[in-house]
Amino acid sequence: MSRRSNLFAAVALACIVHGGLVQAQTMSYADAITKLAGDCGSDIHKFCSGLNLGGGRIADCLQQNAAKVSPTCKASVASVVQSISLREQAQAAYSDVCRFDIAQRCRGIKGDGNILACLVKNKLTTDKCSQAITDAGWR
């Protein structure tokens, strides 16, 4: 598997492990992988080369070698985990956060995708709903 797949597996596992983190700028998985490839690629190559992918092996390897992993990589992993966690929380919570906006501005629209499209298109959503949509990565 590719280096990107290793990083994606590491991010996914790290997100599950650190799921309860708060406020951060959200980023897409693609942006997270790009950031981790740039900041942790040499550490992964140095400490984790030859590992089979899957099962969080890269994340485990980085954790086991935490004392030797570069500070840049550690900081990058922490910020990526926080960002992805916030994004996932926003995606899970948007329908509750946007309940008023859905009732007022998207009344009668059926289906989650259509409702979300209505909210994204509607520029008159409340600040909380607008922020939830942005944090979820849908705008």
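Is Cys118 buried or exposed, and what is its relative accessible area? Cys118 is buried, with a relative accessible area of 10%. Welcome to this predicted model, in which a search of the whole structure finds four disulfides.

**The largest nonpolar core**

- The largest nonpolar core is made of 13 residues. Ile44, Cys48, Leu62 and Val80 are the ones with the most contacts inside this core.
- Three helices each supply at least two residues of this core: α2 (29-48), α3 (57-64) and α4 (71-97).
- The largest share comes from α2, which gives five residues.
- Setting aside its neighbours within four places in sequence, Leu62 is in contact with Asp43, Ile44, Cys48 and Val69.

**The second core**

- There is also a second, separate core, and it has 10 residues. Among them are Ile102, Cys106, Leu119 and Ile133.

- Cys40 is joined to Cys73 by a disulfide, with an S to S distance of 2.2 Å. The link of Cys40 and Cys73 is right-handed, with 105 degrees about the S-S bond.
- This pair connects distant parts of the chain, as Cys40 belongs to helix α2 and Cys73 to helix α4, 33 residues apart. Cys40 and Cys73 are both buried.
- A disulfide also joins Cys48 to Cys61, with an S to S distance of 2.1 Å. The link of Cys48 and Cys61 is left-handed, with -95 degrees about the S-S bond.
- Here too, distant parts of the chain are linked: Cys48 is in helix α2 and Cys61 in helix α3, 13 residues apart. Cys48 and Cys61 are buried.

**The disulfide of Cys106 and Cys118**

- Which cysteine forms a disulfide with Cys106? The partner is Cys118, and the two sulfur atoms are 2.0 Å apart.
- The torsion about the S-S bond of Cys106 and Cys118 is about -95 degrees, so this disulfide is left-handed.
- Cys106 lies in the loop between α5 and α6, while Cys118 lies in helix α6, so the pair ties together parts that are 12 residues apart in sequence.
- Cys106 counts as buried because its relative accessibility is 2%, which is under 20%.
- For an overview of the pairing, number the bonded cysteines of the protein chain in sequence order: the pattern is then 1-4, 2-3, 5-8, 6-7.

**Asp101 in helix α5**

- Helix α5 contains Asp101. At 0% relative accessibility, Asp101 counts as buried.
- Leaving aside neighbours within four places in sequence, Asp101 is in contact with Cys106, Leu119, Leu124, Thr125, Thr126 and Cys129.
- Asp101 and Leu119 are 18 residues apart along the chain, and their C-alpha atoms are separated by 7.5 Å.

**Helix α6**

- Which residues of α6 are buried? They are Ile115, Leu116, Cys118 and Leu119.
- These residues cover an arc of only 155 degrees around the axis, which puts them on the same side of α6.
- Gly113 and Lys121 are exposed, on the other side of α6.
- The cover over the buried residues of α6 includes α4, α5 and α7.

- Helix α7 covers residues 127-135, and its buried residues include Cys129, Ala132, Ile133 and Asp135.
- Seen down the axis of α7, the buried residues fall within an arc of 165 degrees, so they line one face of the helix.
- Among what covers the buried residues of α7 are α4, α5 (99-105) and α6 (112-121).
- Two packed helices are described by the angle between their axes and the distance between the axes.
- For α4 and α7, the angle is about 145 degrees and the axes are 8 Å apart. The crossing in which α4 passes α7 is left-handed.
- Where the two helices meet, α4 brings Arg87, Ala90, Tyr94 and Val97, and α7 brings Lys128, Cys129, Ala132 and Asp135.
- Gly137 follows α7, and the phi of Gly137 is positive, near 85 degrees.

Definitions and conventions. Residues numbered from 1 in each chain as written. Predicted model: local features only at pLDDT ≥ 70, side-chain atom pairs only at ≥ 80, totals over all residues. Heavy atoms only, no water. Core = buried A, V, L, I, M, F, W, Y, C linked by side-chain atoms within 4.5 Å. Buried < 20%, exposed > 50% of the residue type's maximum accessible area, 1.4 Å probe, protein only. Helix = DSSP H or I, 4+ residues; strand = E, 2+ residues; numbered from the N terminus. Contact = heavy atoms within 4.5 Å. Arc of directions from axis to C-beta. Disulfide = S-S within 2.5 Å. Axes fitted to C-alpha atoms, helices over the stretch in contact; angles between N-to-C directions. Left-handed = near helix turned anticlockwise from the far one by under 90°.
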